[in-house]
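Here are a few friendly notes to read alongside the model. Have a look at the fold, then work through the points below.

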Amino acid sequence: MKIKSTAEIAEFLNGIATPLGIKVVEVEFKQGKNPELTVFIDKEGGVDLDSCELLHRAIDEPLDEFDPTFGEPYRLNVSSLGIDRPFKTHEDFLSHIGERVEVRLKNSIRGKKFYDGILVSYDQKVVTLKVDEKTTFTIEMKNIAKMNEYIDFV
């Protein structure tokens, strides 16, 4: 199935979402027997079911006119990013500097493949992670399997 680029779809949808105080962060299209277009959103104060429903209603008709799948049917989903969404963009990493994060590594460092700590810095090649008062180290981006916000289940 031919579709418009997810970047083009996101740009179009942000024109509708922004006045509602919602930001389209990512658009994902899954092909297959039941194709799905999923719009991941964020907003100040967090995303709730009402936010998802509000945007879904606002984009449903304009999206049909925009025709991202060139007339082919698909299911539309609007969702929050999720609590354990991996960082994907430069903005994701930069916006979490100074915050506690979880990091899963492809190759172990100091005998471990999982760390949590404060994200001290980020550039396109390395991150610096402070794991305790005495230990700070850099991790090459190519060694990061997944990084996301720290989840505290207390």
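Which strands does helix α2 lie across, and at about what angle does it run to β3?

1. Helix α2 (residues 49-66) lies across β1, β2 and β3, running at about 145° to β3. Angles run from 0 to 180 degrees between N-to-C directions, with axes fitted to C-alpha atoms, for helices over the stretch in contact. Helices (H or I, at least four residues) and strands (E, at least two) are DSSP runs numbered from the N terminus.

2. A word on the source: this is a predicted model, where local features need pLDDT of at least 70, side-chain atom pairs count only at pLDDT 80 or more, and totals for chains, interfaces and linings use all residues. Residues are numbered from 1 along each chain as its sequence is written, and side-chain values use heavy atoms, leaving out hydrogens and water.

3. The sheet is open and has three strands in the order β1-β2-β3, with mixed pairing (strands pair if DSSP finds at least two bridges between them). Its edge strands are β1 and β3 (75-80), each pairing on one side only. From one strand to the next, the twist averages 20°.

4. Strands β2 (residues 36-42) and β3 run parallel and are joined by six bridges. L37 has L76 of β3 as its bridge partner.

5. Helix α1 (residues 6-17) also packs on the sheet, touching β1 and β2 (contact means heavy atoms within 4.5 Å). The direction of α1 makes about 140° with that of β1.
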